[in-house]
Amino acid sequence: MNMEIEEVMSCQALPLLSLNHVSLVVKDVWGSKRFYEDVLGFCLVKRPSSFNFHGAWLYNYGIGIHLLENKAIEDLDINDEPRPINPKDNHISFQCTDVDLVKRRLDEMGIRYVIALVEEEGIKVDQVFLHDPDGYMIEMCNCDNIPIVAISSSCHFIKPNKFGTYNDNIMMPIATPNYSCGFMETLMMENLSMDMLNFSF
């Protein structure tokens with residue numbers, strides 16, 4: 001698959017809708033795939049067959065995780081000691097409904113984590129930080145306790161109005177969020193939509 005990169009200068013905001021996916025370079029695609037499936041609940045989805053390198057695509061919660069295998073990064077490992085989990089490091093964050101349940105499940109699976117507490121004007125946010133098999137940091141929190149307030153009056157938030165597969169010609173919705181509906185109900189509908197998509201392959 002050929003990729004062309006063109007640098008473009010623009011003075012206007014880009015027509016973005018939402019975060020589509022995060023790509024991670026990993027030592028072992030299948031080991032990382034198991035982590036994102038078993039620990040975080042992502043589902044393996046079809047990946048373009050034209051790629052000439054090993055990888056895997058996973059999807060859930062309205063976001064994709066793309067794993068790109070590069071065994072050469074094993075050479076960068078100086079020792080096998082797990083490095084400290086630092087909440088100030090680069091990380092991917094997931095909103096969750098029950099931080100205490102997250103901690104209990106991680107304890108049951110024997111996964112190391114650290115916790116942090118953020119307070120803002122009497123509002124509290126609980127955070128749980130852990131590493132994936134390649135040392136990428138994951139956060140799980142109840143961050144929506146703190147409202148998002150734009151500092152600049154010229155900033156306009158864009159609420160996505162459609163979600164679906166990557167093909168613009170055939171838009172197949174994947175659980176359009178129902179904000180009056182509970183998290184688990186939305187998640188169940190999204191999982192059902194993904195199952196239905198998988199039947200079509």
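**View 1. Contacts of His131 in the predicted model.** Beyond its neighbours within four places in sequence, His131 is in contact with Phe35, Arg83, Pro84, Ile85, Arg112, Tyr136 and Met137. The model shown here and in the other views is predicted. His131 belongs to strand S7, which spans residues 123-131. Its relative accessibility is 13%, so His131 counts as buried; the cut-off for that term is under 20%. One of its contacts, Met137, is a buried residue of S8.

**View 2. Burial of strand S8.** Strand S8 covers residues 137-141, and five of its five residues are buried. In a regular strand, side chains alternate between the two faces of the sheet. Met137, Glu139 and Cys141 lie on one side of S8, and Ile138 and Met140 lie on the other. Both faces of the strand are covered.

**View 3. Pairing of S8 with S5.** Strand S5, made up of residues 91-95, pairs with S8 in the parallel sense. Five bridges link S5 and S8. Within this pairing, Ser93 stands opposite Glu139 of S8. Glu139 is buried, on the side of S8 that also holds Met137 and Cys141.

View 4. Strand S7 pairs with S8 in the antiparallel sense, over five bridges. Gln127 stands opposite Cys141 in S8, and Cys141 is buried. S7 and S8 form a hairpin with five residues between the strands. In this hairpin, Gly135 takes a positive phi near 90°.

Definitions and conventions: Residues are numbered from 1 along each chain as its sequence is written. This is a predicted model: local features need pLDDT of at least 70, side-chain atom pairs count only at pLDDT 80 or more; totals for chains, interfaces and linings use all residues. Side-chain values use heavy atoms; hydrogens and water are left out. Buried means under 20% relative accessible area, exposed over 50%, partly exposed in between (1.4 Å probe, protein chains only). Helices (H or I, at least four residues) and strands (E, at least two) are DSSP runs, numbered from the N terminus. Two strands pair if DSSP finds at least two bridges between them. Contact means heavy atoms within 4.5 Å.
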